[in-house]
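Here is a short report on the disulfides of one protein. Look over the sequence and the model first, then read on.

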Amino acid sequence: MADQREMKEKSPWHRPLIIFITVLIVLAIIALVTTAVVQNRTLQKYKYGIVLDAGSSHTAVYIYEWPAEKENNTGMVQQKHTCDVKGKGISSYYTSVEKAGLSLRDCMEEAKEKIPTWRHRETPVYLGATAGMRLLRKMNETLSDQVLSSVEGFLQVYPFMYQGARIISGQEEGAYGWITVNYLSDNFHRALPTIGALDLGGASTQITFVSRREVESPENSIHFRLYGNDYDVYTHSFLCYGKDQALKQALAQQLKPGDTQLHDPCFHRGYNQTKTWESVTGSPCVSAQGSPASPPHGNFTHLGTGNAALCRSAVRRLFNSSHCQWGRCSFNGVFQPPVEGTFGAFSAFYFVMNFLNLTSATLEDSKEKMVQYCSRPWAEVKLSYPSIKEKYLAEYCFSGTYILTLLENGYNFTSGKWSDINFIKKIGGSDAGWTLGYMLNLTNMIPAEAPDTPPLPHAGYVTIMALFSLLLTALLLLACKLFSRPACTQSKQII
């Protein structure tokens with residue numbers, strides 16, 4: 001008893017010091033773990049969304065993925081998968097509407113495989129039909145409704161959360177494309193200057209950008225409030241000025257009543273195809289302009305002459321700049337402020353210019369290269385590109401000339417502004433286009449106000465974590481030194 005009393009008297013401070021150090025160690029561990037959990041939660045659950053882009057020439061199915069815990073943080077939604085539907089766009093099925101829905105089968109089956117089964121019931125599915133269906137609705141509203149009913153009935157069979165099929169307006173198409181390219185570029189969240197959007201499809205083209213000037217025409221103005229910032233956006237969609245419908249207009253302008261041959265400078269020398277008058281004049285875009293009288297079931301021979309200068313003259317006739325009731329216009333009397341800032345040009349803008357190797361060329365170089373390309377004989381062109389379908393290959397001379405003319409003479413991108421256009425297909429891993437913006441809008445995943453930020457900036461987080469780690473290490477070493485237990489000594493040797 002005397003020995004125990006003597007030991008207790010020699011070290012009366014051991015017990016409170018042990019308790020004090022133990023409490024400090026526990027508090028340090030709790031602080032370390034809490035800070036890590038609050039600052040950077042592990043994200044393992046994902047949600048999905050499906051958007052069908054029912055365009056004039058084809059339909060594409062896009063699957064998007066995002067971490068479930070961070071639905072409102074910009075940059076989190078990414079494209080997981082895309083599938084191109086075989087065949088033409090749904091508007092082409094107006095004579096056999098039941099096939100419109102069935103055409104989507106293969107891609108929707110892929111969607112079932114790509115998305116985890118347990119997420120199927122909560123995965124929204126949207127179908128947005130664009131200019132092809134807008135034209136069909138103008139031509140025959142009943143048929144367009146029947147086509148939409150066909151795809152609706154088919155999509156509702158799948159185990160996803162069906163959210164509707166609708167024909168979106170040209171203004172919506174332009175605005176959603178603008179949202180997509182700026183969302184993927186993280187311009188909204190970081191409050192950076194936005195980029196404009198240039199979209200070209202088969203039946204329409206859209207231009208959308210933020211202008212510092214007053215938008216005189218109310219129908220071309222859209223206001224957005226995103227992440228606490230206000231954006232006044234100019235947008236316009238030109239129906240019938242997609243590359244396919246523009247070609248029909250150009251052919252119709254050159255055809256005269258009773259013609260059996262058409263010598264076309266926008267097609268390569270040696271090109272020779274028999275086509276029906278109906279394939280040209282049957283389009284609402286042509287009939288609206290007053291199509292030439294044609295035999296009910298007549299044909300004509302389409303012959304290429306390959307002359308870029310004459311082709312450019314023919315294309316320029318598609319743009320009417322003779323009247324403008326506003327301060328300034330693009331073409332056909334449509335108000336447009338001067339283009340400003342940088343632009344992303346996607347869809348057919350990219351595909352055509354990429355094929356022609358003009359994505360980085362100046363306007364002058366592009367015109368010169370088009371002269372060289374259009375002058376090549378058709379037989380030579382076919383040998384150079386054996387893997388490309390002849391229909392698409394034959395139209396590149398026209399499409400390239402049309403794009404240059406549309407951008408320069410339509411939208412007023414002069415030589416000095418040409419370098420502001422970036423021809424893009426993807427941003428990150430996601431396609432540039434209207435579909436992502438459409439889904440973000442319908443699911444409210446872009447908040448009007450700025451989202452919450454982490455409790456600490458990254459640098460502060462790293463500093464605090466480092467200090468806590470050093471403090472914890474120091475306390476553990478101090479404990480081992482004070483009490484000199486064998487276990488501590490062994491641990492130090494192992495370390």
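## Cysteine 240 and cysteine 285

Cysteine 240 has a relative accessible area of 11%, so it is buried (under 20% relative accessible area; exposed is over 50%, partly exposed in between; 1.4 Å probe, protein chains only). Cysteine 285 is also buried, at 0% relative accessibility.

The two form a disulfide (a pair of cysteine sulfur atoms within 2.5 Å). The S to S distance is 2.1 Å. Cysteine 240 sits in the loop between strand E9 (229-239) and helix H8 (243-254), and cysteine 285 in helix H10 (residues 284-287), so the bond ties together parts 45 residues apart in sequence. Helices (H or I, at least four residues) and strands (E, at least two) are DSSP runs, numbered from the N terminus. The link is left-handed, with -85 degrees about the S-S bond.

## Basis of the model

The model is predicted: local features need pLDDT of at least 70, side-chain atom pairs count only at pLDDT 80 or more, and totals for chains, interfaces and linings use all residues. Residues are numbered from 1 along each chain as its sequence is written, and side-chain values use heavy atoms, leaving out hydrogens and water.

## Cysteine 83 and cysteine 107

A disulfide joins these cysteines, S to S 2.0 Å. Cysteine 83 belongs to strand E3 (residues 78-84) and cysteine 107 to helix H4 (residues 105-114), so parts 24 residues apart in sequence are tied together. Both cysteine 83 and cysteine 107 are buried.

## Overall pairing

The whole structure holds five disulfides. With the bonded cysteines numbered in sequence order, the pairing runs 1-2, 3-5, 4-6, 7-8, 9-10.
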